[in-house]
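Open the model in your viewer and keep the selection tool at hand. The stops below say what to pick and what is there.

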Amino acid sequence: MQIDPRGPRFAAALTTLVLSAVLITGSGALLAAQTVVFALGAFGGLRYSPYGWLYRVAVRPRLPAPGELEDARPPRFAQGVGAVFGLLGTVGHLTGAHWLGLAATALALAAAFLNAAFDYCLGCEMYLLVRRVRSA
């Protein structure tokens, strides 16, 4: 499946805002909600991600057609990586291991920010690396 590459970047901007709020408030519930968003994108596909839906409905119709499309698999893998970090952070917050919650949230935030600000997707790069290692 091919996707508009601007969609994951839009989602990364929203994720950056949510994860920043998690770090400011220490809210395990907000991190759990973001983890659900990650999981929907990873396991259901990007079309089932709430941020992807918002992009398709509210943003994309106002933009010109993308110059090129990209493979959905790397961003979907990145959503899975985000889900793992979100789950670790949620468990940390909810069990009292706040250091784990903060660390996992900060790492996920760093990755989301890199994608939103610089169009550099760490999870996508991990996907490509895993593919290269498997084919070697």
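Start with D4. With a relative accessible area of 7%, D4 is buried, because it falls under the 20% cut-off. Keep in mind that this is a predicted model.

**Stop 1**

R6 is partly exposed, at 26% relative accessible area.

R60 is partly exposed, with a relative accessible area of 33%. Show the three side chains together: D4, R6 and R60 are linked in a network of salt bridges.

**Stop 2: another salt bridge**

How many salt bridges does a search of the whole structure find? The search finds 3. Select D71 and R73 for one of them: their side chains meet at 2.7 Å, N to O. D71 is partly exposed at 23%, and R73 is partly exposed at 46%.

**Stop 3: the largest pocket**

Select P8, A11, L46, P75 and Q79. Of the 32 residues lining the largest pocket, these lie nearest its centre. The space there is about 640 Å³.

Which element gives the most to this lining? Colour α4 (73–95): it supplies 6 residues, the most to the lining. Elements with at least two residues in the lining include β1 (2–3), α1 (6–25) and α3 (50–59). Also among them are α5 (98–118) and α6 (122–135). By class, the lining has 19 nonpolar, 9 polar and 4 charged residues.

**Stop 4: the second largest pocket**

Move on to the second largest pocket, with about 300 Å³ of space. Select E70, N115, D119, C121 and C124, the closest to its centre of the 15 residues that line it. Two or more lining residues come from each of α1, β2 (70–71), α4 and α6. The lining divides into 8 nonpolar, 1 polar and 6 charged residues.

**Stop 5: a surface patch**

Finish with F113, F118, Y120 and L122. Together they make a nonpolar surface patch of about 410 Å². Zoom in on Y120, in the loop between α5 and α6. Y120 counts as partly exposed, at 37% relative accessibility.

Methods. Residues are numbered from 1 along each chain as its sequence is written. This is a predicted model: local features need pLDDT of at least 70, side-chain atom pairs count only at pLDDT 80 or more; totals for chains, interfaces and linings use all residues. Side-chain values use heavy atoms; hydrogens and water are left out. On a 1 Å grid over the protein atoms alone, a cavity is a set of points where a 1.4 Å probe fits but cannot get out, and a pocket is an open set with protein on both sides within 12 Å along at least five of seven lines; lining residues have an atom within 4 Å of a point. Grid points are joined across faces, edges and corners, and a volume is the space filled by probe spheres set on the points. Helices (H or I, at least four residues) and strands (E, at least two) are DSSP runs, numbered from the N terminus. Ala, Val, Leu, Ile, Met, Phe, Trp, Tyr, Cys and Pro count as nonpolar, Asp, Glu, Lys and Arg as charged, and the others, Gly among them, as polar. Patches are made of residues with over 30% relative accessible area and no salt bridge: like charges are joined within 9 Å, nonpolar side chains (Val, Leu, Ile, Met, Phe, Trp, Tyr) within 5 Å. Accessible areas come from the Shrake-Rupley method with a 1.4 Å probe; for residues, only the protein chains shown count as cover. A salt bridge is a side-chain nitrogen of Lys or Arg within 4 Å of a carboxyl oxygen of Asp or Glu. Buried means under 20% relative accessible area, exposed over 50%, partly exposed in between (1.4 Å probe, protein chains only).
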